[in-house]
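Reader: I would like to learn how to read a protein model, one feature at a time. Please give the general idea before each case.

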Amino acid sequence: MGDIVRRIGLSLGADICWPLCFEALMRDLDLRIPDEKTGDTIRFEVERVFIEPFDLRQPCKYDVVVDRLTHWYHTSREWIKKAILMDGLYVFNNPWSVQANEKHTTYCAMMALGMPIPDTWMVPPKSYEPTPDLKPTLSRYAKLFDVKRIGDRIGWPMFMKPYDGGGWRGVSKVDDAAAVNKAYEESGKSVMHLQSMVNGWDRFVRCIGFGPQTRCVLYDPDAPLHDRYTMKRDFLTKKEEEHLRKVTLTINAFFGWEFNSCEALHANGVWHPIDFANPCPDSQVTSLHFHFPWMVKSYVRWAVFCAATKKPMRKNQDWAPFYAVAADEELSYEEKLDRYAAIADERFETARFEEFCAKHLAHLDEVTWGFFGTPVARDAVHQKVAALFPAHETEQFTELFWSRIQEWRKVEQKS
Ligand SMILES: Nc1ncnc2c1ncn2[C@@H]1O[C@H](COP(=O)(O)OP(=O)(O)OP(=O)(O)O)[C@@H](O)[C@H]1O
Ligand SMILES: [Mg+2]
């Protein structure tokens with residue numbers, strides 16, 4: 001029996017704060033986990049992945065890669081795909097699924113599973129990149145339409161937003177015919193959705209899912225960026241929390257997005273998911289602050305679990321089991337959700353994960369709590385703030401986010 005090393009690669013772009021904290025925590029934890037089968041001692045090395053030319057046949061030294069680039073940086077995405085296909089790499093999230101499934105697909109799929117997604121239409125774009133076949137195609141087949149009529153069908157006000165949205169780009173609330181015409185005029189070459197507005201909602205929740213781990217945060221879309229993730233607690237009943245957990249796990253397991261967040265609005269007793277194609281969710285202390293230590297812990301738990309157990313990567317999405325549940329007319333939506341979530345728990349190995357954490361990561365809470373009181377943690381916050389805020393605001397915002405983390409430590413200590 002000897003030591004074996006599992007390597008965790010961090011494939012990063014602009015991320016600053018969570019990788020620094022992840023690396024520091026892994027150093028502090030200094031894990032030595034017995035291998036279930038061989039009895040060898042598993043140790044972990046964390047490295048940042050560099051961008052460089054690669055031979056398709058060269059081996060990959062990592063067991064797990066935490067990927068923050070696939071959604072926009074193609075060289076890294078293609079290296080990751082090669083390493084999954086050829087070298088047995090485990091990655092979150094599934095790069096093919098990130099590449100192929102836009103917000104639009106996620107709406108369609110979850111409508112098919114019975115989720116109360118607001119009524120949504122897609123409209124062809126206002127203008128096009130000129131290509132040789134464009135004129136014959138449009139002149140033969142494109143029907144003239146009036147965007148206003150869609151508003152009359154699904155009800156005013158409604159939302160116009162890109163079918164592949166993110167970061168509130170091109171999102172507008174349109175109240176009437178003049179507003180929708182103007183928004184459509186301005187949408188240019190983007191393919192847009194028109195979506196019925198969830199009226200009179202009383203709560204807006206972002207449920208962050210990380211493997212089988214979830215955390216619901218009350219979200220305030222009207223607040224400045226650093227206040228949108230609120231620090232409110234006790235805004236959900238146990239039953240509601242469980243419901244949102246199941247919704248999130250269903251979406252994440254369906255798409256192979258182990259790390260994703262689901263936005264849902266609550267109105268008239270119903271939780272309407274409205275945006276759940278976020279497979280590279282915000283991980284920055286500058287938006288998550290109070291919730292940031294939970295996020296870093298979740299990164300550690302899931303990465304260590306996948307690396308230690310050599311969790312096999314699910315290369316294909318395998319939607320059939322979900323559709324089999326959806327087709328059962330005897331089942332209510334809640335009963336279907338139970339079954340979807342059971343598929344998710346099987347795919348995420350929830351029971352095994354919990355047992356693993358209890359056995360090998362029981363000290364993580366305490367180590368994390370201690371770490372977030374150290375100058376190293378404060379410096380990670382400072383570095384992120386310095387990269388994002390003007391120089392004259394750096395100290396003030398570092399202190400703000402740091403004080404919220406200290407608030408988290410107080411709450412943790414009491415619980
Ligand atoms: N159907 C809807 N009913 C009510 N509000 C909505 C609806 N759709 C969007 N919104 C509002 O518009 C905001 C942006 O929409 P959405 O989340 O779909 O876009 P996004 O670009 O993906 O945003 P992000 O990347 O920040 O999550 C939402 O946070 C919400 O406040
Ligand atoms: Mg959103």
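Predicted model: local features only at pLDDT ≥ 70, side-chain atom pairs only at ≥ 80, totals over all residues.

Reader: How many residues does the contact take from domain 1 and from domain 3?

Author: Two residues are in contact if their C-beta atoms, placed from the backbone, lie within 7 Å. Domain 1 supplies 32 residues and domain 3 supplies 36 residues.

Reader: Which element gives the most to the side of domain 1 that touches domain 3?

Author: Elements are DSSP runs numbered from the N terminus: helices (H or I, at least four residues) and strands (E, at least two). Helix 1 gives the most, with 10 residues. As for composition, Ala, Val, Leu, Ile, Met, Phe, Trp, Tyr, Cys and Pro count as nonpolar, Asp, Glu, Lys and Arg as charged, and the others, Gly among them, as polar. The side of domain 1 that touches domain 3 has 23 nonpolar, four polar and five charged residues.

Reader: In which sense do strand 1 and strand 3 pair?

Author: Strands of a sheet pair through backbone hydrogen bonds, either parallel or antiparallel. Two strands pair if DSSP finds at least two bridges between them. Strand 1 and strand 3 are parallel, with eight bridges, and Arg6 has Phe44 of strand 3 as its bridge partner. Strand 1 also pairs with strand 4 in the parallel sense, over four bridges.

Reader: In what order do the four strands of the open sheet lie?

Author: The order is 11-10-12-13, with antiparallel pairing. Strand 11 (213–218) and strand 13 (270–275) are the edge strands, each pairing on one side only. Strand 12 (residues 259–267) is joined to strand 13 by five bridges; His266 has Trp271 as its bridge partner in strand 13.

Reader: Why is ligand 1 said to lie between two domains?

Author: Ligand 1 lies between domain 2 and domain 3 because both give residues to the shell around it. A residue is near a molecule or strand if its C-beta atom, placed from the backbone, lies within 6 Å of it. The shell around ligand 1 has 17 residues, and the closest are Phe159, Gly165, Val198, Pro221 and Asp275. Nine residues of this shell are nonpolar, four are polar and four are charged.

Reader: What should I look for in the backbone?

Author: Most residues other than glycine have a negative phi, and most peptide bonds are trans. The peptide bond between Trp156 and Pro157 is cis, with omega about -15 degrees. Trp168 has a positive phi near 60 degrees, and lies in the loop between strand 7 and strand 8 (172–174).

Reader: Is Trp168 buried or exposed?

Author: A residue is buried if 20 or more other C-beta atoms lie within 10 Å of its own, exposed if 12 or fewer, and partly exposed in between, with C-beta atoms placed from the backbone. Trp168 is exposed because 10 other C-beta atoms lie within 10 Å.

Methods:
Residues numbered from 1 in each chain as written. Chains lettered and ligands numbered in written order. Domains from an automatic or database assignment.
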